[in-house]
Amino acid sequence: MIFAQLSDLHILPRGQLAYGVVDTATMLAEAIEHLAGLPFAVDFVLATGDLVDHGSAEEYEHLRALLGALRVPCFLAIGNHDGREALRSAFASDGALVLYPDVSAVPPSGTLSETSSVPVSVAAGAGTAPSRAPVSIRAAGLEDSGYLQYMVEAQGLRILVLDTVVPGEGGGALCVDRLRWLEAQLAQDEMPTVIAMHHPPFATGIAHMDAISLKGADDFEQLVARFPQVRRIVCGHLHRPIQADVAGTTALTAPSVAHQIVLHLGHQCAAPGVFPRGSDCFVMEPPGYLLHWWDGRRLTTHQCVIGSYPGPFPFRTD
Ligand SMILES: [Fe+2]
């Protein structure tokens, strides 16, 4: 089973650019096109927050239209640029934040539930992927009010989606209530588990991003350390691919499918000639996304670079 992690989409109303520069809608469309062109099947997509830029209903309507190009289910996590209630209104369905693909192989809304298990067609989109057995996906746990947390199960792997948002703030938090939900989920059984959340539970060395990091990270780490079935902690927020060891497992952030955060380790004023207004800048490095391959025993993560590049070339020239 393979699932793609897309992060930090930052979709705006139609026709608007992020920061007056970034055409995030076109870049998301290009990411989906890249995903659809992979020569193997992807089973579902997980988007790790900052789905839109200002949390408005108009932005979520635009996002919904763009994600409609996906041929697999797309599960969503909230980020600090999102609006909790607008996101819930746009995507809450049957125990999860999810958009189903509009293809006949996928059942209509109402069939993913706490008690049902749904086989989902795995064709990524281009029709070039080799066929294999459908993957059964089960989602549950999203409540009618409160935090946007839920779980997804597929092929013996559980994904616990957490809500790290503090309304009005760039930084995130995991409070007692949210951690208690996580603990209850982990305590149910020893199923291999991925935790998905927008704010990473580790300092990155990028000063202006560490200033809007995750409150409660120490409590989170102590909790996760008690549950060795946690195989990965997958995050967004940083707009860069970064890995760190947390609680005996690997935590990572995904690149953005749009703009990337400038890589500058250290204090913001360390390079005034390079960053005359501070290092809290973005850069249009090639965007990307992650592919997580679960073979039933181990989770292996690959980074994909979006775009067209020369090749592939054979190693043998004779
Ligand atoms: Fe972001």
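**Figure 1. Pairing of β4 with β5 in the predicted model.** Strand β4 is joined to strand β5 (residues 96-99) by 2 bridges, and the two strands run antiparallel. Within this pair, A92 stands opposite L97 of β5. The loop between β4 and β5 holds D94. Although D94 is not a glycine, its phi is positive, at about 55 degrees. D94 counts as partly exposed because it has 18 C-beta neighbours inside 10 Å, and a residue is classed as buried at 20 or more. The coordinates shown here and in the following views are those of a predicted model.

**Figure 2. The open sheet of 7 strands.** The strands follow the order β4-β5-β3-β2-β1-β18-β19, and their pairing is mixed. At the edges stand β4 (92-93) and β19 (299-305), each of which pairs on one side only. For orientation, the protein chain as a whole comprises 6 helices and 19 strands.

Figure 3. Strand β18 (residues 288-294) and β19 are joined by 7 bridges and run antiparallel. W294 has L299 of β19 as its bridge partner. The two strands form a hairpin with 4 residues between them, and in the turn G296 has a positive phi of about 95 degrees. The segment after β19 contains P312. The peptide bond leading from G311 to P312 is cis, with omega near 5 degrees.

Figure 4. S7 is located in the loop between β1 (2-6) and α1 (24-36). This residue is buried, since 32 other C-beta atoms lie within 10 Å, and the threshold for a buried residue is 20 or more. When residues up to four places away in sequence are not counted, S7 touches A47, T48, G49, G236, A254, S256 and V257. One of these contacts, V257, is 250 residues from S7 in sequence, yet the C-alpha to C-alpha distance of the pair is 6.2 Å. Across the protein chain, 66% of the contacts with a separation of 6 or more involve residues 24 or more positions apart.

**Figure 5. Packing of helix α2 against helix α3.** The axes of α2 (residues 57-67) and α3 (residues 84-91) come within 9 Å and cross at roughly 35 degrees. The crossing of α2 past α3 is right-handed. From α2, the residues A57, Y60 and R64 make the contact, and from α3, A86, L87, S89 and A90. Sorted by class, the residues in this contact are 5 nonpolar, 1 polar and 1 charged.

**Figure 6. F75 in the largest nonpolar core.** This core has 87 residues, of which V45, F75, V98 and A196 touch the most other members. Helix α1 supplies the largest share of the core, 6 residues. With neighbours within four places in sequence set aside, F75 is in contact with F44, L46, A96, L97, V98, V152 and V161. Of the 318 residues in the protein chain, 45% count as buried.

Figure 7. Strand β13 (residues 230-235) is largely enclosed by the rest of the structure, because 5 of its 6 residues are buried. Strand β11 (residues 193-196) pairs with β13 in the parallel sense over 4 bridges. In this pairing, T193 stands opposite V230 of β13. Another 4 bridges join β13 to β15, and these strands also run parallel. Here V234 has L252 of β15 as its bridge partner.

**Figure 8. A247 in the loop between β14 and β15.** The loop that holds A247 runs between β14 (242-246) and β15 (249-253). A247 is not a glycine, but its phi is positive, at about 55 degrees.

How values were computed:
Residues are numbered from 1 along each chain as its sequence is written. This is a predicted model: local features need pLDDT of at least 70, side-chain atom pairs count only at pLDDT 80 or more; totals for chains, interfaces and linings use all residues. A residue is buried if 20 or more other C-beta atoms lie within 10 Å of its own, exposed if 12 or fewer, and partly exposed in between; C-beta atoms are placed from the backbone. Two residues are in contact if their C-beta atoms, placed from the backbone, lie within 7 Å. Two strands pair if DSSP finds at least two bridges between them. Axes are lines fitted to C-alpha atoms, for helices over the stretch in contact, and angles run from 0 to 180 degrees between N-to-C directions. A crossing is left-handed if the near helix is turned anticlockwise from the far one by less than a right angle, and right-handed if clockwise. Ala, Val, Leu, Ile, Met, Phe, Trp, Tyr, Cys and Pro count as nonpolar, Asp, Glu, Lys and Arg as charged, and the others, Gly among them, as polar. A nonpolar core is a set of buried Ala, Val, Leu, Ile, Met, Phe, Trp, Tyr and Cys residues joined through C-beta atoms within 7 Å.
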